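Visitor: I would like to learn how to read this model. Please take me through it feature by feature.

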Amino acid sequence: MDHLYTASRNDDLYVRQNAYTYEGPSGYVSPTQVAGTTPLHRFWNAGIQDHFYSINQSEGLAAGYTYEGVEGYVWI
């Protein structure tokens, strides 16, 4: 089962069109980079219908995922 985590309200249409169920907040990210944060990268693999998230951009690419961009900024 795939989960989509997003910091963007613009993903509402994507969520509805792809039959995702809203499950509420699972954590907090900053929509802009602030002191002490690092980018959280989002990836997609259409072959297995799966999203992948990492602070390491090369990790998702090495695993065969397509890069979708920075989803937000996280405190690590």
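Guide: Start with Phe43, which is buried at a relative accessible area of 0%. Buried means under 20% relative accessible area, exposed over 50%, and partly exposed in between, with a 1.4 Å probe and protein chains only. This is a predicted model: local features need pLDDT of at least 70, side-chain atom pairs count only at pLDDT 80 or more, and totals for chains, interfaces and linings use all residues. Residues are numbered from 1 along each chain as its sequence is written, and side-chain values use heavy atoms, with hydrogens and water left out.

Visitor: How is a pair of aromatic rings described?

Guide: By the distance of the centres and the angle of the planes. Rings of Phe, Tyr and Trp (its six-membered ring) pair if their centres lie within 6.5 Å. Planes under 30 degrees apart count as stacked, over 60 as edge-to-face, and the rest as tilted. That rule gives 3 aromatic pairs here. In one of them, the ring centres of Phe43 and Phe52 lie 5.9 Å apart with planes at 50 degrees, so the pair is tilted.

Visitor: Is Phe52 buried or partly exposed?

Guide: Phe52 is partly exposed, with a relative accessible area of 22%. Its ring also pairs with that of Tyr65: centres 5.3 Å apart, planes at 35 degrees, so this pair is tilted. The pair links distant parts of the chain, with Phe52 in strand β2 (residues 50–54) and Tyr65 in the loop between α2 (57–62) and β3, 13 residues apart. Tyr65 is buried at 12%. Phe43, Phe52, Tyr65 and Tyr67 form one aromatic cluster.

Visitor: In what order do the elements of the chain run?

Guide: From the N terminus, α-β-β-α-β. That is 2 helices and 3 strands. Both kinds are DSSP runs, numbered from the N terminus: helices are H or I with at least four residues, strands are E with at least two.

Visitor: Which residues make up the largest nonpolar core?

Guide: The general idea: in soluble globular proteins, nonpolar side chains tend to be buried together. A nonpolar core is a set of buried Ala, Val, Leu, Ile, Met, Phe, Trp, Tyr and Cys residues joined through side-chain atoms within 4.5 Å. The largest here has 6: Leu4, Tyr20, Leu40, Trp44, Tyr53 and Val74. Contact means heavy atoms within 4.5 Å. Leaving out residues up to four places away in sequence, Leu40 touches several residues, including Val29, Tyr53, Ile55, Val70 and Val74.

Visitor: And the whole chain?

Guide: Of its 76 residues, 32% count as buried. Among contacts between residues at least 6 apart in sequence, 54% join residues at least 24 apart.
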